[in-house]
Amino acid sequence: MAKTTPATLALDRAGIAYELFTYDYDPDAPRVGLQAAQALGVSPDQVLKTLMALVDGKPVCAILASDEEVAMKKLAAAVGGKSAHMMKPADAERLTGYKVGGVSPFGQKRQVPTVLDEMATLHDQVFVNGGQRGLQVLIAPADLAAALDAIVVSLT
């Protein structure tokens, strides 16, 4: 597995401290984030998932705990929109440059507004996808938010 991805390169360029962790990705897992948490031996609320959505037709990135569901109205409101829905997987892959299951909020092909669920800030460090299936970045939530210029609000 390559340990250099557009995500790690973006973090390096930004001077953000992080650690890389790998795990055996299960493509048949019903919920990838929960499988990652189990494989890493950590609580599911410490492993964040990266979701790509459309708010009023415009792409946004939502980051929240792997065991939570995003409240679409809250996501839309966070970026000043009225309605939101999940982006189709093929569209998310095309926009981000990552395969579903390996979408990182860092180093995406196109910068889009990013919203981080405020519950992530309760941890000293969180895991977020490193840009490849089976690759996770351990990072401080404040650094995560700063690197992405993220809006931090409740998404659940």
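D91 and R94 lie 3 residues apart in helix 4 (residues 89-96), and so about one helical turn separates them; helices here are DSSP runs of H or I with at least four residues, strands are runs of E with at least two, and both are numbered from the N terminus. These two residues form a salt bridge whose closest N and O atoms are 2.4 Å apart, the term meaning a side-chain nitrogen of Lys or Arg within 4 Å of a carboxyl oxygen of Asp or Glu. D91 is partly exposed, with a relative accessible area of 30%, whereas R94 is exposed at 54%; buried means under 20% relative accessible area, exposed over 50%, and partly exposed in between, with a 1.4 Å probe and protein chains only.

The model is a predicted one, in which local features need pLDDT of at least 70 and side-chain atom pairs count only at pLDDT 80 or more, while totals for chains, interfaces and linings use all residues. Residues are numbered from 1 along each chain as its sequence is written, and side-chain values use heavy atoms, with hydrogens and water left out.

The structure holds 2 salt bridges. Besides the pair in helix 4, E69 forms a salt bridge with R31, where the closest N and O atoms are 3.2 Å apart. This pair links distant parts of the chain, 38 residues apart, since E69 sits in the loop between strand 3 (58-65) and helix 3 (72-78), and R31 in the loop between strand 1 (19-22) and helix 2 (32-40). E69 is exposed, with a relative accessible area of 54%, and R31 is partly exposed at 33%. In general, side chains of opposite charge can pair when their charged atoms come close.

Taken as a whole, the chain has 5 helices and 8 strands, which run from the N terminus in the order α-β-α-β-β-α-β-α-β-β-β-α-β. Its radius of gyration, taken over C-alpha atoms, is 14 Å, close to the 15 Å that the globule rule gives for 156 residues, so the chain is as compact as a globular protein of that length; the rule is 2.2 Å times the number of residues to the power 0.38. Along its principal axes, the C-alpha trace spans about 40 × 35 × 30 Å.

Buried residues make up 47% of the 156 residues. Of the contacts (heavy atoms within 4.5 Å) with a separation of 6 or more, 62% are between residues 24 or more positions apart.
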